Amino acid sequence: MSRVTPAITAFIGLGSNLENPRAQVEQAFAELAQLPDTRLTGRSPLYQSTAVGPGEQPDYINAVARIITHLEPLALLDQLQAVEQAHQRVRLERWGPRTLDLDMLLYDGQVIDHPRLQVPHPYLTQRNFVLYPLAAIDPQLVLPCGTRLAALLAQTPADGLRVIN
């Protein structure tokens, strides 16, 4: 008898700075809505942000999706990586340019420390291009550590970040 995983809320960060980034992110939202046992329940506006990473890179288009899923964390990660692969994601260098980056930011208030997955995302609290879109979906959000998203936003300037839709 198979065990049914209860529905949980997860937040996914989306980012792209190659090959029509806006279209990459819009297509990824559509693909997230089609994941098995998953429903897209919220999406932030798109944000343009200055690249964080090595060398000169084009600006990014970033957003956050809220999903309700029955997938276990690693199964969800596998699905996210499959979507990245469908967008020809190549991992040549850390924080390098990419066609699509999908990061599991939060998974049902859980703290996950696994060799393949860390949740909350390790840089969630340091990236304005994650915090601002996250707040656009759930401004009352409280992280698993008890920190309010609003408190993080109050300490995080929107430098280099602008809403584009």
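The model is predicted: local features need pLDDT of at least 70, side-chain atom pairs count only at pLDDT 80 or more, and totals for chains, interfaces and linings use all residues. Residues are numbered from 1 along each chain as its sequence is written, and side-chain values use heavy atoms, with hydrogens and water left out.

Start with strand β5, residues 101-107. Helices (H or I, at least four residues) and strands (E, at least two) are DSSP runs, numbered from the N terminus. Of the 7 residues in β5, 6 are buried, so the strand is largely enclosed by the rest of the structure. Buried means under 20% relative accessible area, exposed means over 50%, and partly exposed lies in between (1.4 Å probe, protein chains only).

Strand β5 has a partner. It pairs with β1 (residues 8-16) in the antiparallel sense, over 6 bridges. Two strands pair if DSSP finds at least two bridges between them. Look at L14: its bridge partner in β5 is L102.

Both L14 and L102 also belong to the largest nonpolar core, which has 26 residues. A nonpolar core is a set of buried Ala, Val, Leu, Ile, Met, Phe, Trp, Tyr and Cys residues joined through side-chain atoms within 4.5 Å. The residues with the most contacts inside this core are I12, L14, L76, L80, L102, M104 and Y107. The elements giving two or more residues to it are β1, α1 (21-33), β4 (60-69), α2 (73-86), β5 and β7 (117-119). Another core lies apart from it, with 17 residues, among them F11, Y47, F129 and L149. In soluble globular proteins, nonpolar side chains tend to be buried together.

M104 shows how such a residue is surrounded. Leaving aside neighbours within four places in sequence, M104 is in contact (heavy atoms within 4.5 Å) with residues including I12, L76, L80 and V119.

Now turn to L46. This residue sits in the loop between β2 (38-43) and β3 (47-49). Is L46 buried or exposed? L46 counts as buried, because its relative accessibility is 0%. Not counting residues up to four places away in sequence, L46 touches R22, V25, E26, F29, I61, N62, A63, R162, V163, I164 and N165.

The side chains of R43 and E26 meet in a salt bridge, at 2.9 Å from N to O. A salt bridge is a side-chain nitrogen of Lys or Arg within 4 Å of a carboxyl oxygen of Asp or Glu. R43 lies in strand β2 and E26 in helix α1, so the pair ties together parts that are 17 residues apart in sequence. R43 is partly exposed at 37%, and E26 is partly exposed at 28%. The charged end of R43 also sits over the ring of F29, 3.9 Å from its centre. For this, NZ of Lys or CZ of Arg must be within 6 Å of the ring centre and within 35 degrees of the ring normal.

How many salt bridges does the structure hold? It holds 3. In another, R116 meets D78 at 2.5 Å, N to O. R116 is in the loop between β6 (112-114) and β7, while D78 is in helix α2, 38 residues apart. R116 is partly exposed at 41%, and D78 is partly exposed at 39%. R98 forms a salt bridge with D101, with the closest N and O atoms 3.0 Å apart. Here R98 is buried at 9%, and D101 is buried at 12%. Side chains of opposite charge can pair when their charged atoms come close.
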